[in-house]
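Visitor: Hi, I'm new to this one. Could you put it on screen and walk me through it?

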Amino acid sequence: MQNNYTLEHSIRNLAKSAYWQSLYKASKENGIQLFNNNVNLSGLQIIHLYWCEIYSYLYDLISKKEYPFLDEEYLENDCRVDAFLYYRKRQNELESAKIKEEHLQQKNKFKKKSGKQTYFNVEFA
Amino acid sequence: MDTKEINLEEFKNTLFDIQKLSYMIQDNKLPFTYNKECYQVRMPSQGEKAEAEDYRSQKQIEFIQRPNCKTKQELRKILKKNKIIDLDKLEAEANKIRKQFKNLYLKLAPKFSEDKNAIQTDIKKINELQEELQEITKEINTHLAPSLEDRLEAVYLEYLVYSCTEKINKNKIEKVWENYEDYQKDNSPLATRALICMTYLLFNIKQF
């Protein structure tokens, strides 16, 4: 467990490096091959790609200044990054729940207005 | 800790060296040396995976006919019944800890980098909780290691190590073990190193 953690920490350091970030960007934009093999990726390669994508997304958020507290120093600490990813996930969940709730309220309002319900539960204004 | 263990620890640490890791990630093979000779563990092909799965199924039939073969579920019940350990209780405790550190994540995330002391306090608490969680997970895994599922997982991994470990001689790459029995008989650190490499090469690939 401890060893997996250390290895993952090394993979993350590699993924956020300027070298791998530019390589990853080039592979996305111009199709440059990242590895010697194109198929049958190893677990190490898959997890490396996963962290390349995460750090690319975080660098993008920093440049857009979407979160005032998110800066380059933030990315130096794995724990802070994990915390941010969870925070962002929770935010998305809350937003989706809010949209769902609004949608449901709209639907109920509509139902009350027409007072009719079709067999397929489709409302006609 | 004996010499063999120290060597294995050193060997594991070499895998985490960032420059070596950068080189290792370029390919789906992990090269390593043993007794000044070069070896590699590579990702299994579809055919090799199917072969390993067949072997695992064979072993499953063999294991379930043994009177002492227990699944994880059965082992849990036995451990609880005999008052050795209550794994359900431990898992509940682990979930409680997970909840606590998720709450800490929400507290830590919006902090500005200038707020160094508060950040350090949160990180310290999170690390403590993670260590606690690792201890619990380790304890659960140790108690469930003799289960049918874990033994079959080990059989599958070992079969892959046998079929995907190769010796590199100048221009020639050849299999290290002629057959699976030869691999099983091999008690040298070479077999252990190959197993470590395969574990890292696959790196919880099932999660993805």
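Predicted model: local features only at pLDDT ≥ 70, side-chain atom pairs only at ≥ 80, totals over all residues.

Visitor: How many residues has H7(B), and how far does H7(B) reach from its first C-alpha to its last?

Guide: H7(B) has 17 residues and reaches 24 Å, close to the 24 Å expected at 1.5 Å a residue. The expected span here is 1.5 Å times one less than the number of residues in the helix. Helices (H or I, at least four residues) and strands (E, at least two) are DSSP runs, numbered from the N terminus.

Visitor: OK, zooming out. How many helices and strands does chain B have?

Guide: Nine helices and four strands. Along the sequence the pattern is α-α-β-β-α-α-α-α-α-β-β-α-α. Chain B has 208 residues, and 18% of them count as buried.

Visitor: What about chain A, how many helices and strands there?

Guide: Four helices and zero strands. Chain A has 125 residues, with buried ones making up 17%. Of its contacts with a separation of 6 or more, 51% are between residues 24 or more positions apart.

Visitor: Now the sheet. In what order do the strands of chain B sit?

Guide: The order is S1-S2-S3-S4, in an open sheet with antiparallel pairing. Strand S1 (29-34) and S4 of chain B are the edge strands, each pairing on one side only. From one strand to the next, the twist averages 30°. Two strands pair if DSSP finds at least two bridges between them.

Visitor: How many bridges join S2(B) and S3(B)?

Guide: Four, with strand S2 covering residues 37-42. B:Tyr39 stands opposite B:Lys167 in S3(B).

Visitor: And S3(B) with S4(B), how many bridges there?

Guide: Four bridges, again in the antiparallel sense. B:Glu166 is opposite B:Lys175 in S4(B). The hairpin has two residues between the strands, and B:Lys170 takes a positive phi near 20° in it.

Visitor: What lies across S1, S2 and S3 of chain B?

Guide: H9(B) does, running at about 160° to S1(B). Axes are lines fitted to C-alpha atoms, for helices over the stretch in contact, and angles run from 0 to 180 degrees between N-to-C directions.

Visitor: I clicked on B:Arg42. Why does B:Arg42 count as buried?

Guide: Because B:Arg42 has 23 C-beta neighbours inside 10 Å. Leaving aside neighbours within four places in sequence, B:Arg42 is in contact with B:Asn28, B:Lys29, B:Cys164 and B:Glu166.

Visitor: How many residues are in the largest nonpolar core?

Guide: That core has 29 residues, and A:Leu44, B:Val41 and B:Cys197 are among those with the most contacts inside it. H9(B) gives the most to this core, seven residues. A nonpolar core is a set of buried Ala, Val, Leu, Ile, Met, Phe, Trp, Tyr and Cys residues joined through C-beta atoms within 7 Å.

Visitor: What is B:Cys197 in contact with?

Guide: Beyond its neighbours within four places in sequence, B:Cys197 is in contact with B:Leu30, B:Phe32 and B:Val41.

Visitor: Last one: how many residues does each chain bring to the contact?

Guide: Chain A brings 32 residues and chain B brings 33. On the side of chain A that touches chain B, the largest share is eight residues, from H4(A).

Notes:
Residues numbered from 1 in each chain as written. Chains lettered and ligands numbered in written order. Contact = placed C-beta atoms within 7 Å. Buried ≥ 20, exposed ≤ 12 C-beta atoms within 10 Å, placed from the backbone.
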